[in-house]
Structure formats: C-alpha cells, structure tokens
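Student: I would like a close look at one helix pair in this model. Please give the cut-offs as you go.

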Amino acid sequence: MTGDAIISVRDLKTQFGDQVIHEHLDLDIYAGEVLGIVGGSGTGKSVLLRTILGLNPPVAGSIEIFGKLRSQMTPEDAHAVERRWGVLFQDGALFSSLTVTQNIQVPLKEHLKLPVQLMNEIAALKIALVGLPAEAGPKYPSELSGGMRKRAGLARALALDPEIVFLDEPTAGLDPIGASAFDELIKNLQATLGLTVFMVTHDLDSLYAICDRIAVLADKRVIVTGPISEMLKQEQPWIREYFHGPRGRAAMAAKSAPPRS
Amino acid sequence: MAREGEAGAWLEAVQDATTLVLKAKGDWIVAHADGADKSLAQVDVRGRRSVIFDLAAIGKLDTTGAWLLHRAQRQFQTQGAVATYIGANAAQATLLDAVTKGDRPTVDHPAHGNPIMVIVERMGRTLEEIGITLRDATAFFGLVLETLGKTILNPRRMRLTSTVYHMEQAGLNAVPIVSLISFLIGAVLAFQGAQQLRKFGGEVFTVNLVAISFLREVGILLTAIMVAGRSGSAFAAQIGSMKVREEIDAMRTLGLDPAEVLVLPRVIALIVMMPLLGFIAAFMGLSGGGLVVLLNLGMSPEMYIQRLYDALDFWDVFTGVIKAPVFGLLIAVIGCFEGMKVEGSAESVGQRTTASVVEGIFTVIVVDAFFSILFIQLGV
C-alpha cells in the first residue's frame with residue numbers, strides 16, 4: 001500500500017482575508033493508496049484540495065508534487081504535472097457546451113497529438129470503464145443525471161491515465177445504490193490502473209469501503225492520519241463522535257456484514 | 001535495433017514460418033500512442049497462423065496502450081490469425097481484461113445526411129422555432145399585462161424596493177452613456193445636414209433637420225437601442241442565471257409568482273424610465289446640434305432656441321414621448337421572456353441574452369415603423 005510520498009504538504013497556511021483556514025498543516029500522500037480526507041463542515045477540506053491543485057495560493061508552507069516544490073515550478077513543470085493528475089469536481093464540472101465524448105477528449109487534445117479515430121476509441125473506452133452506457137457519449141451534460149455526470153467527470157479525469165486522481169465528495173448527492181456503485185468503481189479502477197486516490201468525503205460507507213488511510217482535518221490542521229481501525233481507537237471528541245455516532249456504527253456494521261455483490 | 005533508453009513505444013518482430021512474435025518495448029502509454037498505433041499498423045499478418053504479443057520487456061502500460069494491443073489482437077483475429085499475449089504481469093493482465101470488457105461498438109454522433117436536405121430541414125426547424133417563439137412571447141406578454149392589471153387593482157402587491165432598484169440600474173445609471181451618444185449623434189447629424197443644405201443655401205434649416213429628426217425618431221430610437229443592449233440583456237442574464245440555479249422553481253414552491261416578483265418590477269422600471277431617458281436623449285441631441293450650429297454657422301444660442309420654437313409644434317414633441325413607454329415595455333418583456341426561456345446550462349444563458357438584444361432592437365424598430373404609419377395616417 002505505501003510507497004514514496006508523491007505529494008507532501010508541509011507547514012501549510014491558507015487564509016481568506018482575516019479568516020485562517022489552515023495553519024501548520026502537514027500531509028503526505030503515498031503512491032498507490034486511497035486517502036480519505038474527513039472533517040466537519042468548514043474545516044477546509046475542499047480548500048486543501050484546491051490548494052494542492054494550485055487553484056488557491058497558500059500564504060505559507062510548501063507543497064511538493066512528484067518531487068518538485070510547487071513554488072519553484074516553471075509553467076512547463078506545472079503543465080507536466082497537470083498531465084499526471086486528474087480531478088473530479090463535485091458536480092463533475094463538465095463543459096456544458098461539449099458532449100461527454102468531447103469532454104473526455106479535451107485533455108487529450110490539449111496535451112497530445114493523436115489521430116481522431118484513436119481519440120474516439122479512447123473516449124469510448126473511458127466511458128465503458130466508468131460504467132456509462134455507450135449512448136452517453138454523444139450526449140450533452142445537461143441531458144445526464146447527477147450520477148452519470150459524476151461518472152462522465154471521472155472519465156474525463158482519467159483521460160490521460162493519471163497517476164493520482166483527486167475526488168471532491170464523489171458520492172455526495174448520489175442515492176445509496178449509486179454511491180456504493182461509485183465506491184466499487186473507484187476501488188476497481190484503483191486496482192486495475194494502480195491509481196493513487198485523494199478523496200474528500202463525508203460518506204462513512206466510502207471510508208470503510210475503499211479508503212486505505214484517513215486524514216482528519218480539525219483545528220486548522222491534520223490532527224491524525226491512519227487506517228480506519230486506528231480512527232476507531234482515537235479519543236479526540238470529534239473523531240469519536242464521527243466514527244462512533246449512529247451513522248458511523250451503521251457503516252461499521254455494513255462493513256462487517258458480508259460484502260455487497 | 002538499439003532503441004533502449006529511448007522514449008516511445010515500439011514492436012520488435014521475431015518470426016518463423018507460421019508464428020509471429022511481437023515483442024512490445026518501451027512505454028505503451030497515451031503519450032506514445034501515436035507511435036504505438038503506427039508500429040501496430042505496419043504489422044502484416046497475412047499468411048500467419050498465430051501472433052503472440054510478448055509483453056515481458058514492456059515498460060509502462062496504461063489503458064490506451066492496452067487498448068491498442070487489444071484492438072490489434074481483435075484485428076489480427078479477423079484476418080485469420082490467432083493472437084495471444086504472453087509475459088504480462090498480474091496488473092497488466094487485469095488491465096488488458098478490463099479493456100477487453102470495455103470494448104463495445106462506439107456510438108457515433110448522428111451522421112449528417114444529404115446537405116440540401118440538412119439545409120431544408122434547418123430552415124424548417126428555424127421557421128417552426130420562430131413560430132413557437134412568437135406564440136410563447138405573445139402568451140408571456142399577456143401574462144405580464146394580466147399581472148400588471150392585478151397590481152394596478154391591488155397596488156400593495158407591487159414590489160416597490162425592487163422596482164426602484166431597477167429604475168436606478170436601468171434608468172439613472174444609463175444617463176451618462178445615453179447623454180454622450182445622443183450629444184455626439186446630434187452633432188454629427190447637424191454637421192452632415194449643414195454640409196448638404198449649404199448646397200441649396202439653406203443652412204438655417206439644419207436646425208429644423210436636427211430638431212424634427214431627433215424629437216420624432218432618432219432620440220428615442222437611440223435610447224431604445226442603448227437600453228435594449230444595456231438592460232434587456234441584463235434582465236435576460238439575471239433571470240436566466242436564476243433559472244439555471246433553480247431559484248425560479250424555489251420561488252414557485254414558496255408561493256411567489258416570478259411574474260410578479262421578477263418581471264413586473266423590471267417592466268414598470270423601464271416603462272417609467274424610458275420617457276425620461278428619451279427626454280434626456282432629445283435634450284442632449286439638440287445640444288449637440290446647437291454646438292455645431294454655433295461653431296459652423298455662427299448662430300447664437302438665443303437664435304438657435306428661437307428657431308427651435310419656430311420649427312417644432314406640439315406633435316413633434318409628443319410623437320417621440322408617446323413611443324417611449326411602449327418601447328420600454330417591449331424591451332423589458334423581451335428581456336424577461338428570454339431569461340425565462342433559459343434551460344440547463346451556462347451556454348443557454350449566453351444564447352438567450354444575445355437573443356434578447358437582437359429581438360429587442362428588432363421589435364423596437366418594427367414597432368417604430370408602425371408608429372410612423374399611424375402618425376402619417378393621423379396627419380400629426
């Protein structure tokens with residue numbers, strides 16, 4: 001499970017105006033793991049994701065990605081890094097003026113020069129890999145349901161076969177069946193493609209089902225990281241409440257029951 | 001071939017009479033897909049009974065690389081050779097399996113038919129859309145009038161704050177630009193008119209030209225075009241974005257009538273503000289004309305005002321004024337109508353905003369033509 005840290009965040013500080021979101025935040029992401037980020041509302045989970053992605057400049061601290069410091073990257077370096085990661089935003093963030101197929105081909109066209117036929121085949125393959133019907137390809141995002149948009153967004157994130165994918169609340173807004181199916185999909189893709197997954201989530205079932213390691217955000221920093229078994233032993237009140245509350249217990253029970261087919 | 005250490009993806013062929021062994025070398029990843037695709041295309045399997053892909057020496061393999069191998073395997077098999085893999089590690093085998101499962105007929109974008117038929121079909125569709133738009137716009141216009149009527153009967157239902165806000169946005173804030181444009185057009189009109197009229201020795205009639213054209217037509221048309229571009233588009237974009245974010249639906253479920261809450265304040269604001277803006281436009285146009293007349297013909301301001309009194313009668317002023325609220329009503333209704341027609345995406349907001357400006361200006365000019373005919377028939 002653990003290899004080298006492919007992303008290391010050290011002593012990170014972010015702030016909006018006077019409001020400090022993170023301070024002295026350290027986090028490592030190892031190759032091949034599924035890392036779940038949890039924390040109460042407003043603890044800056046999404047901000048952390050956006051900061052690592054470079055959408056949000058940090059006030060202080062360093063972010064090292066694939067062995068290079070973000071602050072020292074040239075635009076070419078940053079461009080190269082963008083080829084090695086994929087991002088799924090909350091509602092897919094598909095380009096509304098393009099079809100699903102065209103959305104998947106956007107990164108291919110931007111970064112590579114491939115024959116049109118091959119790009120169409122790659123798009124069709126990704127659509128199949130994320131479990132969408134082939135008919136979804138020529139459709140526009142507004143014609144898809146929320147769950148399908150997320151799958152299409154994931155297909156676009158996977159277009160360049162990235163080493164790491166960032167998922168922002170992948171199961172939020174999905175029905176329980178859809179959410180389990182999405183967990184299953186991420187697990188399968190992770191096993192098949194050897195992906196590293198960085199996942200912001202509120203979904204306890206996802207944490208139990210697919211996360212190798214969990215990082216808890218509280219008090220403006222990552223207070224603890226570790227597998228779920230370690231989370232259950234934590235005495236910190238918020239973590240106890242989170243994992244031992246009624247929903248936490250239900251998710252635990254679901255996990256110990258025979259696995260879903 | 002010494003290609004070790006080089007970036008790319010390529011095949012090395014080892015063959016005997018019936019079997020072709022293809023050793024995949026290099027990184028078979030999406031970045032090298034073009035090269036890999038070409039090297040596979042060069043493989044000739046005619047007359048072979050079996051083809052073996054040897055993956056033992058492959059570098060990296062990703063879904064695209066796996067797809068290319070899978071596609072080649074399928075293609076060789078249709079050409080009569082049995083194609084198999086050897087030397088794949090567990091992860092690569094899983095990936096090849098997943099890709100094989102993902103192979104299914106692609107669904108293409110609907111094909112374009114006969115180009116002439118496509119043009120005819122598009123014309124038909126456009127005509128139908130125009131018809132539907134006209135019908136819907138008429139219905140919407142009726143709805144607005146009904147809401148307006150209800151509000152007049154029960155004035156407490158009127159959203160005063162919102163109405164005043166839109167009066168400020170669409171009216172007061174438009175004063176500088178409307179003034180500037182009118183002043184400049186007034187000056188240009190006077191300058192060009194004076195040039196032409198000088199040929200007949202009738203420079204003094206420049207005043208009549210500017211005064212009548214500005215008060216009857218140009219002032220109010222300019223204002224209407226500016227307002228359609230500034231406020232009609234703003235109405236469409238505001239209501240359109242609210243529609244996209246389901247705010248309009250939320251309003252309905254809360255028992256609020258969007259026509260009353262959103263549309264009516266905007267309509268009333270423009271009905272009230274258009275005559276005022278038209279008045280300002282006329283005043284500034286006459287001022288611009290006056291400046292040119294002063295500089296070019298040496299006519300004093302007192303003289304200019306005296307000539308204006310002589311040139312104009314009540315109806316010249318009134319025909320301009322009476323059109324203003326009608327134009328305001330039309331622009332506001334069209335802007336709101338297009339906003340309500342927004343569906344789904346950000347792109348739709350853009351399309352509808354454009355449509356609101358185009359339709360707003362078009363309608364204003366058509367209605368202005370009807371007014372002209374009406375006034376001529378009435379002899380005023």
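Which residues of α4(B) meet which residues of α11(B)?

Tutor: This is a predicted model, in which local features need pLDDT of at least 70 and side-chain atom pairs count only at pLDDT 80 or more, while totals for chains, interfaces and linings use all residues. Residues are numbered from 1 along each chain as its sequence is written, chains are lettered from A and ligands numbered from 1 in the order in which they are written, and side-chain values use heavy atoms, with hydrogens and water left out.

On the α4(B) side, the residues are Thr133(B), Asp136(B), Ala137(B), Phe140(B), Phe141(B) and Val144(B). They meet Leu329(B), Leu330(B), Val333(B), Cys336(B), Phe337(B) and Met340(B) of α11(B); contact means heavy atoms within 4.5 Å. By class, the contact holds 10 nonpolar residues, 1 polar and 1 charged. Nonpolar covers Ala, Val, Leu, Ile, Met, Phe, Trp, Tyr, Cys and Pro, charged covers Asp, Glu, Lys and Arg, and the others, Gly among them, are polar.

Helix α4(B) runs over residues 115–153 and helix α11(B) over 314–340. Helices are DSSP runs of H or I with at least four residues, strands are runs of E with at least two, and both are numbered from the N terminus. The two axes lie 10 Å apart, at an angle of about 115°. Axes are lines fitted to C-alpha atoms, for helices over the stretch in contact, and angles run from 0 to 180 degrees between N-to-C directions. At that angle, α4(B) is roughly perpendicular to α11(B), because 65 to 115 degrees counts as roughly perpendicular, under 35 as roughly parallel, over 145 as roughly antiparallel and the rest as oblique. The crossing of α4(B) past α11(B) is right-handed, meaning that the near helix is turned clockwise from the far one by less than a right angle.

Among contacts in chain B with a separation of 6 or more, 78% come from residues 24 or more positions apart.
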